[in-house]
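Subject: Structure for you to look at

Hi there,

Here is the structure I promised to pass on. Please open it beside this email and have a look while you read.

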Amino acid sequence: MTGGAKNFNPLDKRNLGESIVRALLRQPLFRLSELPGFSGAGIYAIYYGGRYQPYARLAALTSGEPTVPIYVGKAVPKGARRGADLDAVAGSVLFKRLSEHSDSIKAVSGNPLAGIELDEFYCRWLVLDDVWIPLGESLVISRFQPLWNRLLDGFGNHDPGKGRYKGKRSRWDVLHPGRKWVANLAVRDESVDDLVRSVEGFLTAFDTPDEGTA
């Protein structure tokens, strides 16, 4: 007998990645403003459930038990990025990264031009051995196409520091102004109205992932 489907390979990177996606979605949900301290490295997903009108469709998908993130990221142990230390100690890098994101949203909260508030965000995370972290992040982003990863870049940016302010303001910072250090960057040639139209078009065309395969 010839033809037919390929044999299932449980060690194929996509199948391994799928198991990571499912494990992440089984993790408990926390408000981003109320993170408990924890240790480890891994991947995380941030969800939006507020009233900012351009994100209305995304917020609707977040009602109940959220499965469609607005942003996905990772945190690896120091030294792991360059393969410098196979036994690098993770410490609390994942908690610190989520705390940085909390601070970014807190910095724009209360600004009516930003439109978002910290208490409108939720998150979940999965602690992983660092060899699986890049694969897990890539698969989750590929599956859910998070808005702040795919369209509105810049949420995860850090203050580049004095003497390094040569780039333009990110799309995220144009739409959600309030981080003080961004004022040192060049003005972007896209307006808020431009970005709102892009966001609404992105979310209108958004294909909701099948939760049963997540």
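Below is what I found in it, from the overall layout down to single residues.

First, the ground rules. This is a predicted model, in which local features need pLDDT of at least 70 and side-chain atom pairs count only at pLDDT 80 or more, while totals for chains, interfaces and linings use all residues. Residues are numbered from 1 along each chain as its sequence is written, and side-chain values use heavy atoms, with hydrogens and water left out.

The overall layout

The protein has seven helices and four strands. These are DSSP runs numbered from the N terminus: helices are H or I with at least four residues, strands are E with at least two. Along the sequence the order is α-β-β-α-β-α-β-α-α-α-α. Of the 214 residues, 43% are buried (under 20% relative accessible area; exposed is over 50%, partly exposed in between, with a 1.4 Å probe and protein chains only).

Strand β2

β2 runs antiparallel to β3, with five bridges joining them, and Gly 42 sits opposite Ala 75 in β3. β2 also pairs with β4 in the antiparallel sense, over seven bridges; there, Ala 45 is opposite Arg 124. (Two strands pair if DSSP finds at least two bridges between them.)

The cores

In soluble globular proteins, nonpolar side chains tend to be buried together. The largest nonpolar core here has 37 residues, and Ile 46, Tyr 55, Ile 70, Ile 116 and Trp 148 touch the most other members. A nonpolar core is a set of buried Ala, Val, Leu, Ile, Met, Phe, Trp, Tyr and Cys residues joined through side-chain atoms within 4.5 Å. The elements that each supply at least two residues of this core include β2, β4 and α7. A second, separate core of 19 residues includes Leu 25, Ile 133, Ile 141 and Phe 144.

Beyond its neighbours within four places in sequence, Tyr 55 is in contact with residues including Ile 70, Trp 148, Val 199 and Leu 203 (contact means heavy atoms within 4.5 Å).

Helix α7

Leu 195, Val 196, Val 199 and Leu 203 are buried in α7. They cover an arc of only 105° around the axis, which puts them on the same side of α7; the arc is that of the directions from the helix axis to the C-beta atoms. What covers the buried residues of α7 includes α2, α5 and α6. The face turned away from the buried side of α7 carries the exposed residues Asp 193, Arg 197 and Thr 204.

Aromatic rings and a histidine

There are 13 aromatic pairs in the structure. Rings of Phe, Tyr and Trp (its six-membered ring) pair if their centres lie within 6.5 Å; planes under 30 degrees apart count as stacked, over 60 as edge-to-face and the rest as tilted. Phe 38 and Phe 95 form an edge-to-face pair, 5.8 Å centre to centre with 80° between the planes. This pair links distant parts of the chain, 57 residues apart: Phe 38 is in the loop between β1 and β2, and Phe 95 is in helix α3.

His 101 is also in helix α3 and is buried, with a relative accessible area of 1%. Leaving aside its neighbours within four places in sequence, His 101 is in contact with Leu 32, Tyr 44, Ile 46, Tyr 71, Phe 155 and Gly 156.

Best wishes
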